[in-house]
Amino acid sequence: MYSFGYETYSYPRSLTLRRIRLIKLLPPTRSAWPPFRLIPRVKLIEYDLDPLEDPIPPFEALSYTWNTRPREKPSWPILVETAAGDLQELLIYKNLFLALQSLWNSQLTTLPIFADQICINQHDIPERNFHVALMGELYSRCARVIVWLGPATTRSDTLFDFARTIGGEASVVALLSIPPQERLRLMDAIVDRTCSEDDELFNVVTRFEPEFPVAGYAEVLKRGWFTRLWIIQEASLAPDGLLFCGEKSFTFDDFRALFFFHSVSSRVWSSRRSKAISVAELRLRDSIFQLERPFVRIFGERMAIHRTNQRRPLYELVKKYNVNEDDSKMGTTEPEDRIFGLLGLAELDGPAPATDIGNPKGVYTEFAAEIIRKDPDILCFARGVKNLSLPSWVPDWSMSQLKIPYGYTTLTSEPIYKAGGGLSDNCPTVSTEGTLNTSAVIVGKILEIGQYEIKLEDEPLTINNFDFSSLKEFFGEIDAFLEKASTISGTYNHYARDEGARLQASLDLTDGGLTARQFPDSDSDYPPLKEMYDELRRFSDRLVRDQETTATYTSVTRTFNKHRPQPGPWVRAFPVLSIFQLISSVFEATLAVARFRLYLKMVPIRRRLAGVPAIAPNATDPHGIVDMELHRNTKMFEYKANIFRHHGRKLYLTDGGLVGLGPTDLARGDVVVIIPGGSVPHIVRPSMSSAAQGPDVGLGKTGSADQVLNCTYVGEAYCHGAMDGELMASGVKERILRIS
């Protein structure tokens, strides 16, 4: 920005022991240069976290976003008063500069403040590494966290005033302390108008609902602070909190009251609308529920820590905040912050990687090495194209999209499969180069890969958005692969030669066997899986025919070719008549296409004008083509959802006749393995050195048990007939994998 001509501030020493610096805000100094701004002035004071005599004084911690661009350097100067009383210049980033100005102007605090950008020497890597591990303790020990959301706007001022008003209403505050079920009952009563007219909460909602600043609420929730991963622990660990924007502020309790008031008022608003609502307003109100998710996460963690005193293992937290399916992830500046930003929330005595800023490969590898000794399923997160140069078996938590493994319904549920049985006595080890050494059972080498995969049509990605032509091709390819498997003599592929077992295999391969485990056919409350499978095949066949018909009759050329007229006796006798017949046929084809296209456009318009949904809740198909009752069944919905989860996977056939599903980037020659203690099989790709030794090395045919298979990791797999520990219980010898 500009400089005052002061000497540059130098930190007196590196703080790598349990010592911290805190800021004391001093009256700002007026710049002698245009535009003559007030420049924040501070004094840095060191404190011992474990003092023998004088305890550390009460202090507050500042939570904010650095809000910087890549490679941007700090350029906003503040003045630091040294122990000798001199003023020296320290450059910081703009957002912190504005926060210090607002803190002084609003006089929100008189206590010392911890602000990491100033209190930690950002040019001292050992000091930064040491303080990363202290962040959780610092925010736990502070008297209050002060959240800086940025400069004020008219809309944000309106929201902050409204939040303080709502936070002062006794009935709304009382709502926060009652059990969730009772709270929901009260909300329903207000929406349904079954409350008595003298009910205080009902009157508050009725009075303030029209005044709720929806635009201001959305604007504040879009502030960058809510999108950063570090803020979860900063806001969750502190005993109390205050949010400020410009010079207005409200407490965490006010924010909770605002959140619950919005939950009630939005339902009241939607139930009492009688006039038309603009699309823009609907989108705005709908977006708020997504924007509130960080707030929900923060107060979920706060409740777990402060009310129930429960902390989770670091691995669970890393999965929770980095495995995002199709949602956007909370942001971090550095890849290693995906783990460091959660250290303060984890179990205090749990394992954690060394804090090594600037070395994401080392941090991720060390973390994965610690976890894989107890949970081999961490490999399931290592699939996909990675952002970082990591060993193939190490998950890249910085990837923009990480999905829940196929063998789990949720991140916290027990695994559906038990392919690996119990953990082996031979604990996996990791070399200093990051190579994983682990025992494994070799299932087989992949001989053939399917050509088809279940695809989806355009956005949005929903379970009803299948590309049904790909679904039809995929189902047909399952039958073809099982037929080929029946010709291979193998110990574990008996299901390919037994008619009943083969039918079950064809059903399970459509969705990785998930539905059969969730809804056994012995449960008479749900239709058999075979019935649903047949319905989907029939439905797919019909839709594909309809798509082909639509493609034909929306093209003049295809319509003409399909109904090309045959020359009659008069045309053969007088060839000149063929010209008139051609012109007539082209005209008829053009007219037919025009009518058909008009029909396709008018159908949805007529439905909308008549208020008829595309599929009515109690609709039936008079032609018997679609079993509407079956499509509305819960089990059918779950079956389609499970198929949806497996879109993009391909079939494979092993040299032992086993059929399964694997990632899109499968290749012939890849090997299917099962690691003891893992829930699912995995695909690995032998390195050139292993492949050069012969096709059967390490596959249990010609190799010995002590031979090593050097390979890279490809992804998790489904292998029919091996998902419940069948191979582990059969006594097959384990081999050593060396995964680089």
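# A first look at this predicted protein chain

In this chain, 74% of the contacts between residues at least 6 apart in sequence join residues at least 24 apart, where a contact means heavy atoms within 4.5 Å. What you see is a predicted model, in which local features need pLDDT of at least 70 and side-chain atom pairs count only at pLDDT 80 or more, while totals for chains, interfaces and linings use all residues. Residues are numbered from 1 along each chain as its sequence is written, and side-chain values use heavy atoms, with hydrogens and water left out.

**The whole chain**

- The protein chain has 26 helices and 18 strands; these are DSSP runs numbered from the N terminus, with helices being H or I of at least four residues and strands E of at least two.
- Of its 740 residues, 49% count as buried (buried is under 20% relative accessible area, exposed is over 50%, and partly exposed is in between, using a 1.4 Å probe and protein chains only).

**Nonpolar cores**

- In soluble globular proteins, nonpolar side chains tend to be buried together.
- Here the largest nonpolar core has 135 residues, and Leu 62, Phe 114, Trp 393 and Trp 397 touch the most other members (a core is a set of buried Ala, Val, Leu, Ile, Met, Phe, Trp, Tyr and Cys residues joined through side-chain atoms within 4.5 Å).
- Helix 10, residues 252–271, gives the most to this core, with 9 residues.
- Apart from that core lies another one of 50 residues, and Leu 507, Phe 539, Leu 666 and Tyr 718 are among them.

**Helix 4 meets helix 8**

- The axes of helix 4 (residues 154–167) and helix 8 (residues 214–221) come within 8 Å and cross at roughly 105°; axes are lines fitted to C-alpha atoms, for helices over the stretch in contact, with angles running from 0 to 180 degrees between N-to-C directions.
- Helix 4 and helix 8 are therefore roughly perpendicular to each other (that covers 65 to 115 degrees, while under 35 is roughly parallel, over 145 roughly antiparallel and the rest oblique).
- Helix 4 brings Arg 155, Ser 156, Leu 159 and Phe 160 to the contact, and helix 8 brings Ala 215, Gly 216, Tyr 217, Glu 219 and Val 220.
- Sorted by class, this contact has 5 nonpolar, 2 polar and 2 charged residues; Ala, Val, Leu, Ile, Met, Phe, Trp, Tyr, Cys and Pro count as nonpolar, Asp, Glu, Lys and Arg as charged, and the others, Gly among them, as polar.
- Helix 8 is largely enclosed by the rest of the structure, because 6 of its 8 residues are buried.
- The buried residues of helix 8 are Val 214, Gly 216, Tyr 217, Ala 218, Val 220 and Leu 221, and their cover includes helix 4, helix 10 and helix 11 (279–291).

**Ile 146, a buried strand residue**

- Ile 146 sits in strand 7, residues 144–148, and counts as buried at 1% relative accessibility.
- Leaving out residues up to four places away in sequence, Ile 146 touches Glu 60, Ala 61, Leu 62, Ser 63, Leu 103, Thr 109, Leu 242 and Phe 244.
- Phe 252 is 106 residues away from Ile 146 along the chain, yet their C-alpha atoms are separated by 9.9 Å.

**Two partly exposed helix residues**

- Arg 537 belongs to helix 19, residues 529–553, and is partly exposed at 25% relative accessibility.
- Beyond its neighbours within four places in sequence, Arg 537 is in contact with Phe 475, Gly 476 and Asp 479; Phe 475 is 62 residues apart from it in sequence and 7.6 Å apart in space, C-alpha to C-alpha.
- Gln 518 is part of helix 18, residues 514–518, and its 32% relative accessibility makes it partly exposed.
- Gln 518 touches Thr 409, Glu 638 and Asn 642, not counting residues up to four places away in sequence.

**Positive phi in two loops**

- Asn 67 is not a glycine, but its phi is positive, at about 55°.
- Asn 67 lies in the loop between strand 3 (60–63) and strand 4 (76–81), and is exposed at 63% relative accessibility.
- Gln 107 also isn't a glycine, and its positive phi is near 55°.
- Gln 107 lies in the loop between helix 1 (94–106) and strand 6 (113–114), and is partly exposed with a relative accessible area of 46%.
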